[in-house]
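Q: I'm new to this one. Can you walk me through a few parts of it?
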Amino acid sequence: MNSKRIYIIGNWKCNKNSQEVNTWFHAIGNIKTPHEIVVCPTYIHLIQAKNLINSLKLTLKLGAQDVSPFPNGAYTGEVSASQLKEMVEYLIIGHSERRKNFNESDELLAQKVKQANDQSLKTIFCVPDENTAIPQGVSIVAYEPVWAIGSGKADSPENANTVIEKIKEKYPNVPVIYGGSVTPENIQSYLSEEYIDGVLPGGASLDAIKFAQMVNASNAL
Ligand code: PGA
């Protein structure tokens, strides 16, 4: 019997229109689980998602996929932590797609974590390996090897466990999860590893049925 608290965090990335968001929340139903289940739509769908969670009485939590490194003010195009706090509990920070496509540096990411912490938002900080800098005060670390993201070639549960063990040696007491081609078929192999506290599925989270299957798989452990 697995007694650890498991995190399943769905990252929708830049996907879905409002009709598809509506369909997903109606399809997911109310899953009973002792674990922490979070879904991260785009900014523009957060209010809709929050309203759907409330009206359908779902136990899901919401997260955003990014946050401004600045507070409120003259920062055109940005969304601040204090604005996001009205809608979400979690923020993903430092996803490899942001590091790569938007040149986000360790320094910038530390500023984002600071903004999140100032607003008492929980942070899911993504790193591609055990050597990448992790700012103080992150809530969850996500180990996501770049080559495993969206490729269908997931890291082996054994290797992911080893990398996560190393991360935990440096950052004790912080839950560490795995991301990269997680599916309903392979999720249990990660969750049953000693040091892995959860998963961050991208592609598989877009399908409500698959997402529900992943949550059910975590319940079965
Ligand atoms: P994937 O994405 O599950 O589609 O590989 C994971 C992620 O980027 O967080």
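A: Let's start with a helix contact in this predicted model. Ser18, Val21, Asn22, Phe25 and His26 of H1 meet Gln48, Ala49, Leu52 and Ile53 of H2.

Q: How do the residues of the contact of H1 with H2 divide into nonpolar, polar and charged?
A: Five are nonpolar, four are polar and no residue is charged.

Q: At what angle do the axes of H1 and H2 cross?
A: Roughly 25°, and the axes come within 10 Å. H1 covers residues 18-28 and H2 covers residues 46-55. Angles under 35 degrees count as roughly parallel, so H1 and H2 are roughly parallel to each other.

Q: Is the crossing of H1 and H2 left-handed or right-handed?
A: The crossing is right-handed.

Q: What about H1 and H8, at what angle do they pack?
A: About 40°, with the axes of H1 and H8 9 Å apart. H8 is the helix of residues 208-219, and H1 passes H8 in a right-handed crossing.

Q: Which residues make that contact?
A: Trp24, Ala27 and Ile28 from H1, with Ala208, Phe211 and Ala212 from H8. That contact divides into six nonpolar residues, no polar and no charged.

Q: Switching to strands. Which residues of E4 are buried, and on which side?
A: E4 is residues 90-93. Tyr90 and Ile92 are buried on one side, and Leu91 and Ile93 are buried on the other, so to speak both faces are covered.

Q: How many bridges join E3 to E4?
A: Two, and E3 (residues 61-64) runs parallel to E4. Glycine 63 has tyrosine 90 in E4 as its bridge partner.

Q: And how many bridges between E4 and E5?
A: Four, again in the parallel sense, with E5 spanning residues 122-127. Leucine 91 stands opposite threonine 123 in E5.

Terms used: Residues numbered from 1 in each chain as written. Predicted model: local features only at pLDDT ≥ 70, side-chain atom pairs only at ≥ 80, totals over all residues. Heavy atoms only, no water. Axes fitted to C-alpha atoms, helices over the stretch in contact; angles between N-to-C directions. Parallel < 35°, antiparallel > 145°, perpendicular 65-115°, else oblique. Left-handed = near helix turned anticlockwise from the far one by under 90°. Contact = heavy atoms within 4.5 Å. Nonpolar A, V, L, I, M, F, W, Y, C, P; charged D, E, K, R; others polar. Buried < 20%, exposed > 50% of the residue type's maximum accessible area, 1.4 Å probe, protein only. Pairing = 2+ DSSP bridges.
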